[in-house]
Structures are given as structure tokens and as C-alpha cells.
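Trainee: Could you walk me through this structure? I'd like to know what stands behind each label.

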Amino acid sequence: MGIARIGDVDIHYDIFGESGPAVLLVMGLGSRGDNWTPISRALAGRGFRAIQFDNRDVGRSSRVSGGSYEIADMAADAVGLLDHLGIPEARLVGISMGGMIAQEIAVRYPERLSRLVLLATSAGGDLARKSEGAILSELTALARGGDPAAAETRLAAFYRAITGPAFVQKYPELLDMAITSTLEGAPEVDGLLRQIQAISRFSVWDRLGDVRAPTLVLHGDADPLIPHENGELLARRIPGARLRTLPGVGHLVPLEAPLETYGALLDFLA
């Protein structure tokens, strides 16, 4: 556990494993890095050094006051963390917004990664397949602020909307755990809006042909937030990329399909 000072931003991080190949795990919109903990522990148990962190505006990392920032700025935070830890090259795993950050790293800092895993994410731009209007309404509702009870209600509605069709019925306790975890250290309203706006401006489509790291794209075919077609586009656009589709899985891939996610990561990262 530690804090890395990167420019004018403090990034909180945790490391699992004493040695071995480094794996940098990048979390999505409004979510703390410790949502990776089950996978980080499992990777450490198989000889990797797993590094998870809170993006700016989330958890124990700095809240950014005023202004705005881009996905490229968040990518620079992640690379700055690698510099802080003295890691010249890592295997890189990103989900959702974290997958966008990972793509930005892959095109801006190609020498810093040896393998790339993209979960439930998009390259952005005009070709990206957008969410349905109802899902976008649920997302924007998260940024309304208000009392904690209302925030919890809106987050629960959002998570139910973005998971696979059978997940909530089968595993309501897992969804409750995810909601509780997200609410602890969640961004303030302004921080969440800054991240949403950065996502809305993000696009690496024209640069993906330059990615040289071996790439695995992991995407649920029932993802309503970032539809599966985005994973197909990524796999076609990144040279040599492989697509693994998870039937019936929505947007919260590691939560909805933990064994499949861990197995795919281990096979590919090794």
C-alpha cells in the first residue's frame, strides 16, 4: 500500500506479490482499485506482482478541484505510477473506462507494456456502438448528488441495468456487495462528471493499428452499457488481437464471470 505523487495528483495503490512479472490493473468509472483484489490475490498466488490503484477523483487518490481532464491524463497517472515503482514494462489489464486508459497507454507509451487485456470497453469515436437511452439515463442519474440513501438507490438501479439478464436473480448478494464497495470512497458528483466527460471525448480508433502488444479482448455478449460490438471492433482493429466472448455476461465482467475472467487472464498473461 502506498501513495505515488505524480505531478499534482496523489495516486493510491496496493501491490500483491513480492516479485514476478508486473500486472497493472486499471479500474473503470467511479470504482476503486480494490475491486480488483480477488483477481490481484489470485495472480499473486501464481507468481505475478499485481498492482491495483485508485484513479484520480476516486477512493484515496486526489480529488481534482476545478477544470477537467482527459483519458490521456489518467493514462499519464498510470505510467507515472509505474515510474514511481521502478517498473519499466508491465502487463496491462483495463476494464470499461480503465480499458480506455489502457488503450491510451498502448498507443502513447508502447514501450511500457508487454501484453494488453481489454475488458468490456470501447475505442470511442464515431464508430463506437453506444448504449441504449435508458442505460444512459441511469448513468447520468448517478451524477445528481443528494443524500446517501438516494445515491445508493440510483447505484443499485444502474448496476441492475448493466448486468447480464440472470445475474441479479442468481446472485443478489454479490450485487449488494458491489454496491457497498462502490459507495465507499466513491467520487464526489463533480469528480464523477469529470470522468464521464473524459469518456465522452475519448477516441483512439485511428491509432489502434499501431498497437503492437499481444492483446486479448474479453467482452460479455449481454453488455448493455458498452455493447459487445465494441469488443468485436477492437479485436478487428488491433493487429493480432483475440476476442473472447462471454455468453450471458453483462458489463461487470469480473463479478459476473469470475472463474472465466481469471482463467482467461492467467492463460493470456502467462
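Here is a short talk about the labels used for this chain and the values behind them.

Mentor: Bear in mind that this is a predicted model, where local features need pLDDT of at least 70, side-chain atom pairs count only at pLDDT 80 or more, and totals for chains, interfaces and linings use all residues. Residues are numbered from 1 along each chain as its sequence is written, and side-chain values use heavy atoms, with hydrogens and water left out.

Trainee: Why is Asp57 called buried?
Mentor: Buried means under 20% relative accessible area, exposed means over 50%, and partly exposed is in between (1.4 Å probe, protein chains only). Asp57 has 1%, so it counts as buried. Buried residues make up 55% of the 270 in the chain.

Trainee: And what makes Asp57 and Arg194 a salt bridge?
Mentor: The test is a side-chain nitrogen of Lys or Arg within 4 Å of a carboxyl oxygen of Asp or Glu. The side chains of Asp57 and Arg194 meet at 2.9 Å, N to O, which passes. The pair links distant parts of the chain: Asp57 is in the loop between strand S4 (49-53) and helix H2 (71-85), while Arg194 is in helix H8 (residues 189-201), 137 residues apart. Arg194 is buried too, because its relative accessibility is 8%. A search of the whole structure finds 9 salt bridges.

Trainee: Where do Glu104 and Arg108 lie?
Mentor: Both are in helix H3 (residues 97-108), 4 residues apart, about one turn of the helix. Glu104 is buried, with a relative accessible area of 3%, whereas Arg108, with 46%, is partly exposed.

Trainee: What about Arg129 and Glu229: buried or partly exposed?
Mentor: Arg129 has 37% relative accessibility, so it counts as partly exposed. Glu229 is partly exposed as well, with 34%. Their side chains meet in a salt bridge at 2.8 Å, N to O. Arg129 lies in the loop between strand S6 (113-119) and helix H4 (133-141), and Glu229 in helix H9 (residues 228-237), so the pair ties together parts 100 residues apart in sequence.

Trainee: What makes the phi of Ser96 worth a remark?
Mentor: Most residues other than glycine have a negative phi. Ser96 is not a glycine, yet its phi is positive, about 55 degrees. Ser96 sits in the loop between strand S5 (90-95) and H3, and its relative accessible area of 12% makes it buried. Ala120 also has a positive phi, near 50 degrees. Ala120 is in the loop between S6 and H4, and at 0% relative accessibility it counts as buried.

Terms used. Helix = DSSP H or I, 4+ residues; strand = E, 2+ residues; numbered from the N terminus.
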